[in-house]
Amino acid sequence: MLSPARLTQLIMEIIFLMLGLLVVGLGAKYIIRFDPRSGSVLVLGVALIAWGLMAFSRPGQLWARWQKWNRGGSLVLLGLILLAMSRVPFLFVPKLLMLLGVILILRGLVGSLLIFKQS
């Protein structure tokens, strides 16, 4: 049985998985139209990269190394894709949105597997 802390982590990973599914769906249909060249996308991209790099720098137990790589790596990738999204032609924005969703789905799946492996 999972402890309350592990259960909370599992719920967070499931939320990332569902968020990824939503973003893939929005990218496939391209329902939401936004300006990827706006300043808010750039600020969000830089903030995600900084948040991911901070996740790498936090001290932790040896068993949490893969979780740290999963969290930090996914945040850095999301930030880099958002920065790239502001520079590509509008034709590629839905594909990059779907790529963002796939990264979130993979983060949720890998994080869930790591939680189950640890318990």
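Student: In which helix is the place of Ile14?

Tutor: This is a predicted model, in which local features need pLDDT of at least 70, side-chain atom pairs count only at pLDDT 80 or more, and totals for chains, interfaces and linings use all residues. Residues are numbered from 1 along each chain as its sequence is written, and side-chain values use heavy atoms, with hydrogens and water left out. Helices are DSSP runs of H or I with at least four residues, strands are runs of E with at least two, and both are numbered from the N terminus. On that basis, residues 4-29 form the element that holds Ile14, namely helix 1.

Student: How many helices and strands does the protein chain have?

Tutor: Read along the sequence, the pattern of the protein chain is α-α-α-α. The secondary structure therefore comes to zero strands and four helices.

Student: Is Ile14 buried, partly exposed or exposed?

Tutor: Buried means under 20% relative accessible area, exposed means over 50%, and partly exposed lies in between (1.4 Å probe, protein chains only). The relative accessible area of Ile14 is 38%, so this residue is partly exposed.

Student: What is the area of the nonpolar surface patch that includes Ile14?

Tutor: Patches are made of residues with over 30% relative accessible area and no salt bridge; like charges are joined within 9 Å, and nonpolar side chains (Val, Leu, Ile, Met, Phe, Trp, Tyr) within 5 Å. Areas come from the Shrake-Rupley method with a 1.4 Å probe, and for residues only the protein chains shown count as cover. Leu7, Ile11, Met12, Ile14, Ile15 and Met18 make a patch of about 530 Å².

Student: Which residue meets Arg107 in a salt bridge?

Tutor: A salt bridge is a side-chain nitrogen of Lys or Arg within 4 Å of a carboxyl oxygen of Asp or Glu. The structure holds one such bridge, with an N to O distance of 3.4 Å. The partner of Arg107 is Glu13.

Student: How many residues apart in sequence are the parts that this pair ties together?

Tutor: Arg107 lies in helix 4 (residues 93-118), whereas Glu13 lies in helix 1. Both count as buried, Arg107 at 8% relative accessibility and Glu13 at 3%. The pair therefore ties together parts whose separation in sequence, in residues, is 94.

Student: Over the face of which residue does Arg107 lie?

Tutor: A charge sits over a ring if NZ of Lys or CZ of Arg is within 6 Å of the ring centre and within 35 degrees of the ring normal. Arg107 is at 3.8 Å from the ring centre of Phe16.
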